[in-house]
Amino acid sequence: MEIITRKEAQEQGLPRYFTGKPCKHGHVCEFYCRSGACVDCTASRVNAIRIKAKSKRKSSGIYKLKEAKELGLEYYNNGKPCINGVFGMRKTKQKGKCFCSACYNKLKNRAKRCLEKKRREAGVPPRTFRTEQQRNDTYKKWVEENRARVNEQQRKWRQANRKRLRPYQSAYNAIRWKRTSIVLARIHFDKILSVYKKRDKVTMQTGVEHHVDHIVPLLGKNVCGLHVPWNMQILPAKQNRIKSNKWETN
C-alpha cells in the first residue's frame with residue numbers, strides 16, 4: 001500500500017490516506033481524510049453499535065425479516081408501522097407484508113381493479129356485486145326454505161354444548177321470572193360468564209361436579225333474589241341439591 005500523507009490525499013481528493021504508522025489501538029491500516037479516524041477502529045465501533053441494537057431488538061421481540069427467516073418464525077414484528085400506520089405482526093413467507101385490515105382491503109381492491117381491467121379488455125361485461133342487505137335477504141330465504149334442516153342442526157348443537165348454553169339459559173329464565181332486566185343482563189353478563197368459567201375450572205381441578213348457586217334463591221319460598229354476580233356462589237353439586245331453594249341467614 002502506497003504511503004501518502006493526509007494533506008496530499010486531501011489535495012488529490014482521496015477519501016483515505018495511509019502513513020504506515022499504527023493508530024492508538026495498534027491497527028496498521030488506512031485513515032479517513034475527513035475525520036482522521038482509523039478504518040478498523042471505525043468498523044469495530046459500528047459493529048459494536050449494531051450488535052447492541054440487535055440484542056436490544058431481540059429482547060423486546062422485534063426482528064428483521066432475515067432474522068425471522070433464520071429463526072423459522074411464521075410471523076414477526078419489526079417495530080415499524082405499515083403504510084397505513086398500523087403496528088403489528090407481519091408474514092415471513094410473504095416478504096414481510098402486513099396483514100392488517102387496511103392493507104388487506106387495499107390489496108383486495110387492487111386485485112379487483114386488475115380483474116375488472118382484464119374483463120374490459122376481453123370485452124366481458126363488468127361483474128355486479130351484491131350488497132350486504134341482498135346477502136342477508138338471500139340467507140333468510142335459504143333458512144326459510146330449509147327450516148327443518150336448520151332446526152335439526154341447532155338441536156344437535158344445543159345437545160352437544162349444554163354447558164356453554166347454561167349462562168344464557170339462566171339469564172333467559174331470570175328475565176322471564178322478572179329477577180333481572182334485559183339491560184342489567186347485558187351489563188352483568190361478562191361477570192356472570194366468568195363465574196361459570198370459574199365453576200368449570202374448579203370442576204376440572206377437583207374432579208367433583210360443581211354448580212353455580214344463587215345465595216338468595218331466585219324462586220325462594222319466603223324471599224327471592226336477583227340474577228346478579230354478587231348473588232352467585234360455586235357449590236358442589238350434592239350440596240347445591242340439598243340447599244335447593246332454601247335461604248338460611250345463619
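Visitor: Where is S244 found?

Guide: S244 is in the segment after helix 9 (237–243). Helices here are DSSP runs of H or I with at least four residues, strands are runs of E with at least two, and both are numbered from the N terminus. This is a predicted model, in which local features need pLDDT of at least 70 and side-chain atom pairs count only at pLDDT 80 or more, while totals for chains, interfaces and linings use all residues. Residues are numbered from 1 along each chain as its sequence is written, and side-chain values use heavy atoms, with hydrogens and water left out.

Visitor: What is the phi of S244 near?

Guide: Most residues other than glycine have a negative phi. For S244, phi is near 55°, a positive value in a residue other than glycine.

Visitor: How do I read aromatic pairs, and how many are in the whole structure?

Guide: A pair of aromatic rings is described by the distance of the centres and the angle of the planes. Rings of Phe, Tyr and Trp (its six-membered ring) pair if their centres lie within 6.5 Å; planes under 30 degrees apart count as stacked, over 60 as edge-to-face and the rest as tilted. A search of the whole structure finds 2 such pairs. The rings of Y17 and F31 are stacked, because their centres are 5.6 Å apart and their planes are at 25°. This pair links distant parts of the chain, with Y17 in strand 1 (residues 16–17) and F31 in strand 2 (residues 31–32), 14 residues apart. Both Y17 and F31 are buried.

Visitor: Why is the pair of Y168 and F189 tilted?

Guide: Their ring centres are 4.9 Å apart and the planes are at 45°, so the pair counts as tilted. Y168 lies in helix 7 (residues 162–176) and F189 in helix 8 (residues 182–206), so parts 21 residues apart in sequence are tied together. Y168 is partly exposed, at 47% relative accessible area, whereas F189 is buried, at 16%.

Visitor: Where is R127, and how far apart in space are R127 and M232?

Guide: R127 is found in the loop between helix 4 and helix 5 (132–145). R127 and M232 are 56 Å apart in space, C-alpha to C-alpha, and 105 residues apart in sequence.

Conventions
Buried means under 20% relative accessible area, exposed over 50%, partly exposed in between (1.4 Å probe, protein chains only).
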